[in-house]
Amino acid sequence: MSSPEAHVRPERSPARAGSGPVVAITGAASGVGHALAVRLSESDQVRKVVAIDERRGDVPGATWQVLDVRDPAIAEKLRGASVVVHLALDLDLESDPKARSAFNVRGTQTVLTAAAAAGVHRVVLCTSAMVYGAQADNDVPLAEDAPLRATSEASFVDDLLEIERLGRRAPRAHPGLNVTILRPAVLVGDTDTALTRYFESPRLLVVAGSRPCWQFCHVDDLVSALEFAVLEKVDGEIAVGCDGWLEQEEVEELSGIRRMELPAAVAFGAASRLHRLGLTPSPAGDLAYTMHPWVVSGSKLYEAGWRPRWSNEEVLAELLAEVEGRNSVAGRRLGRKDATTLGAAGATVALVGAAAVVRRARKRRGL
């Protein structure tokens, strides 16, 4: 279910303003990059959009540059741009972790260096509110200047922390270069992450003694926040999310999915073994983000006049519609036959599924 205003855009004027920025967007062929490129191409406040990706996408009105963001030749493609939005990241759960990290870190390094060499004055990066870390003693909500306490035990977090470190260092290495970083909450809208797969399970795993708080961010709202950064209405480190948050009980009531509560030792032990055997893409550290709060305030955007068009309830409904028909246990996608078998297991579905997967793997390996 979408907000009534979620997809409404103002009519585009016949001619663009000549004084707006020239914006280069990496990763413009798909996902958030594509959505932003389309939005800015339709904006009278942007003079020109340069779309950069390894393949050409469908963005009417954009100027395309097809290349790998790790190629130093990108510096020449960025000449004349006043803002670069770097969204060419590999966040695929199924990617090889080493190759994924190499692409994400090297790509960000190259884009920041190339932007400085090309005379770009602003680079916008996008990471995640996960960098704050999911901790039992986190404030609810977290201020944007709260310390980053994430560890390397969750999916992609190492990459995101390194991208932020590169972003903080860049202005010191390249005076005159401004770096703005956006940190969305659980991102929803044709996305596939360990946290969206949580809602593909027949039961919602709850670790005993935890206090989950759920805050979402729809891709539409992230795109509008990125536009604010492009137009220099905000800068620095910016958190993006829906107003407020949902308690676990509210999520269960709205979703109609019942919980399965496990002791922490059992939940983390099963998740660690499955990941170590290569049977699930999600490391055990991802569980922390379903246990402890990492809700953000988003005060900088609010002070600049930005408001989300989606509520947490609406985004959750959208997510549930997207994952309908999919089945996952511990982040591992299951076929229809497996899902039917596990569905009959009732309250012990996740644990039984994990044990069955481990037994099959050991049998195949002769253990």
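**A guided tour of the predicted model**

Begin by selecting arginine 39 and glutamate 227, whose side chains form a salt bridge with an N to O distance of 2.6 Å. Arginine 39 belongs to helix H1 (residues 31-41) and glutamate 227 to helix H6 (residues 219-230), so this pair ties together parts that are 188 residues apart in sequence. Each of the two, arginine 39 and glutamate 227, is buried. Please note that the model on display is a predicted one.

Next, display the whole chain. Its secondary structure amounts to 12 helices and 15 strands. The chain has 367 residues, of which 54% count as buried. Its accessible surface is about 16400 Å², and carbon and sulfur atoms account for 50% of that area. Of the contacts between residues at least 6 apart in sequence, 79% join residues at least 24 apart.

Now select strand E4 (residues 83-86). Which way do its side chains point? Val83 and Val85 point one way, Val84 and His86 point the other way, and all are buried. In general, side chains in a regular strand alternate between the two faces of the sheet.

Strand E1 (residues 22-26) runs parallel to E4, and 4 bridges link the two. At this pairing, valine 23 is found opposite valine 83 of E4. E4 is also joined to E5 by 4 bridges, again in the parallel sense. Here histidine 86 has leucine 125 of E5 as its bridge partner.

The tour then returns to charged side chains. How many salt bridges does the structure hold? The structure holds 14. Select aspartate 68 and arginine 70, which form one of them, with 2.7 Å between the closest N and O atoms. Arginine 70 is partly exposed, at a relative accessible area of 32%.

Move on to arginine 122 and glutamate 232, whose side chains meet in a salt bridge of 3.9 Å, N to O. Arginine 122 lies in strand E5 (residues 122-126) and glutamate 232 in the loop between H6 and strand E11 (237-240), so the pair ties together parts that are 110 residues apart in sequence.

How values were computed
Residues numbered from 1 in each chain as written. Predicted model: local features only at pLDDT ≥ 70, side-chain atom pairs only at ≥ 80, totals over all residues. Heavy atoms only, no water. Buried < 20%, exposed > 50% of the residue type's maximum accessible area, 1.4 Å probe, protein only. Contact = heavy atoms within 4.5 Å. Areas by Shrake-Rupley, 256 points an atom, 1.4 Å probe, with all protein chains shown as cover. Salt bridge = Lys/Arg side-chain N within 4 Å of Asp/Glu carboxyl O. Pairing = 2+ DSSP bridges.
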